[in-house]
Amino acid sequence: TRMVFIDVPRGLALQLILVGFVLNILFDVVGFGTFELGRSPVGTAIFDVFTLSSFCWAAASLHPSMHLVTEPAVEVRPKWSVMRSLAIIVAAATPLISLAFGVDDSFHKHEAVVVAAFAITLLLVWKARRANSADANSRAEILRQSRTDGMTGLLNRRGILSVALGMRDPIGAVFVDLDDFRLVNDVHGHTYADEVLDQVANRLRALTAPITAVARVGGDDFLILFANTAPESVEQARAALEGVFNRPFVIEGAELRVTASMGIATEDIGPERAEAVIADRSVLEEAAARRAAELYALTRKADTAQYYAKQSARATTRLFNDQMLAERVRQKYIQDLVSQPAREGLFWLSYQAIVRLSDGQTVGAEALLRMRSPELGNISPTEFIPIAERIGAIQPLGEWAFATVRDQLAARID
């Protein structure tokens, strides 16, 4: 029954399976019970539909949509419906009615069986309604918890993705990161910091068009979607979000100034809506997976723009451009290279003479570390040294340089 109520659109295979079961129930159970037990002169051979049912099941197993039957459903069942009521009433009453009309006995016994059948049917329907309502409430709560942030009540990553998949308009994304929030957490404690996050969430939740969805996606990170339907949509979203942090927050009776670095990315990724109804659910699932990948790429761009905003100055907003992503890809490539100083041909030393000015004599030399990549060519020390310092690779590089100088000096002396 769970498959019947929410999964019929899965494809023709499931519908053929259900037709086979219905034929068996109607003709074998009802037909045989009514006519055979009632000693009807009508031959019961007409109710032997096993062959037809088997044909339906065989056709279902061969249909391309058969694989959809095994996939879990993601929809939440409604608490009740007319279809569900009729299905339960028919399922509960069918064998009792068959028994009532199949018994060849007095009118009073028929009447007693019918009354008993009616009472049992009502009881079964009532119990089914209670069980179904409890099941629907439980599933709805599980779905809500899986799509919302437990502390702020905002959407989480999964929740905002589901919202975005249903948006028809082009979408813009804003990645918001609170500045120096770790300092607030360390100085005032977790309870104080949680109150800050809660108040920020409340202000973000109160934003209106073009803002369409707000999610908390990290400790102090928020993701906001807006409808990018007009040239001014980006500026409207920027102004609305910057306004959230223009006013101080009141935490435990004292004002607190909170700033944020924000990155914005826009892209026309509104889901393609076909005018005709698509019967094959696999086509819809493929389109949903493609849109989900596009949305992930969009949020990643917004996160990259936020990184540049935080690096340039706090409390600023940057709009994503392709150069940002290219620079980040280059930085990641260099980061991977500086972690392997022993790689042959990657690093070398250039010696610069140290000259005594009084007589022009060379009294020493300075060893300068240089880097060359087959893909990028020569890489400036001003680029790879800060990266090495940031990831903790500067000490292995220094040790490699010291050992190389030692070995080269030893070889020259020999």
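Modeller: Two strands count as paired here if DSSP finds at least two bridges between them, and please keep in mind that this is a predicted model.

Biologist: Fine. How do E1 and E3 pair, and over how many bridges?

Modeller: E1 and E3 run antiparallel to each other and are joined over seven bridges. As one example of where residues face each other across strands, Phe 175 has Leu 223 of E3 as its bridge partner.

Biologist: And in what order do the strands of that open sheet come?

Modeller: The order is E2-E3-E1-E6-E7, which makes an open sheet of five strands with mixed pairing. E2 and strand E7, residues 317-319, are the edge strands, each of them pairing on one side only, and from one strand to the next the twist averages 20°.

Biologist: I was looking at Ile 224. Where is it placed, and is it buried or exposed?

Modeller: Ile 224 lies in strand E3, which covers residues 221-227. Its relative accessible area is 0%, so it is buried, the cut-off for that being under 20%.

Biologist: What does Ile 224 touch?

Modeller: Leaving out residues up to four places away in sequence, Ile 224 touches Gly 172, Ala 173, Val 174, Val 176, Ile 211, Ala 213, Val 214 and Leu 241. Leu 241 in that list is also one of the buried residues of H9.

Biologist: Which others are buried in H9, and why are they on the same side?

Modeller: Besides Leu 241, the buried residues of H9 are Ser 233, Val 234, Ala 237, Arg 238 and Val 244. The arc they cover around the axis is only 130°, and therefore they sit on the same side of H9. The helix itself has twelve residues and reaches 17 Å from its first C-alpha to its last, close to the expected 16 Å.

Biologist: Changing topic, which residues touch the most other members of the largest nonpolar core?

Modeller: Those are Leu 178, Phe 222 and Phe 245, in a core of 31 residues. Strands E1, E2, E3, E4 and E6 and helices H7, H8 and H9 each supply at least two of its residues, and the largest share, seven residues, comes from H8. As a general point, nonpolar side chains in soluble globular proteins tend to be buried together.

Biologist: What about Gln 199, is it buried or exposed, and what is it in contact with?

Modeller: Gln 199 is in helix H8 and has a relative accessibility of 18%, so it counts as buried, since the limit is under 20%. Apart from neighbours within four places in sequence, Gln 199 is in contact with Phe 249, Val 250 and Ile 251.

Biologist: Last one, helix H12. Which residues are buried there?

Modeller: In H12, residues 381-391, the buried ones include Phe 384, Ile 387 and Ala 388. Because they cover an arc of only 100° around the axis, these residues lie on the same side of H12.

Biologist: What covers the buried residues of H12, and which exposed residues are on the face turned away?

Modeller: The cover includes helices H11 and H13 together with strands E8, E9 and E10, whereas the face turned away from the buried side carries the exposed residues Thr 382 and Glu 389. After H12 comes Gly 392, whose phi is positive, near 80°.

Note on methods
Residues numbered from 1 in each chain as written. Predicted model: local features only at pLDDT ≥ 70, side-chain atom pairs only at ≥ 80, totals over all residues. Heavy atoms only, no water. Helix = DSSP H or I, 4+ residues; strand = E, 2+ residues; numbered from the N terminus. Buried < 20%, exposed > 50% of the residue type's maximum accessible area, 1.4 Å probe, protein only. Contact = heavy atoms within 4.5 Å. Core = buried A, V, L, I, M, F, W, Y, C linked by side-chain atoms within 4.5 Å. Arc of directions from axis to C-beta. Axes fitted to C-alpha atoms, helices over the stretch in contact; angles between N-to-C directions. Expected span 1.5 Å × (residues − 1).
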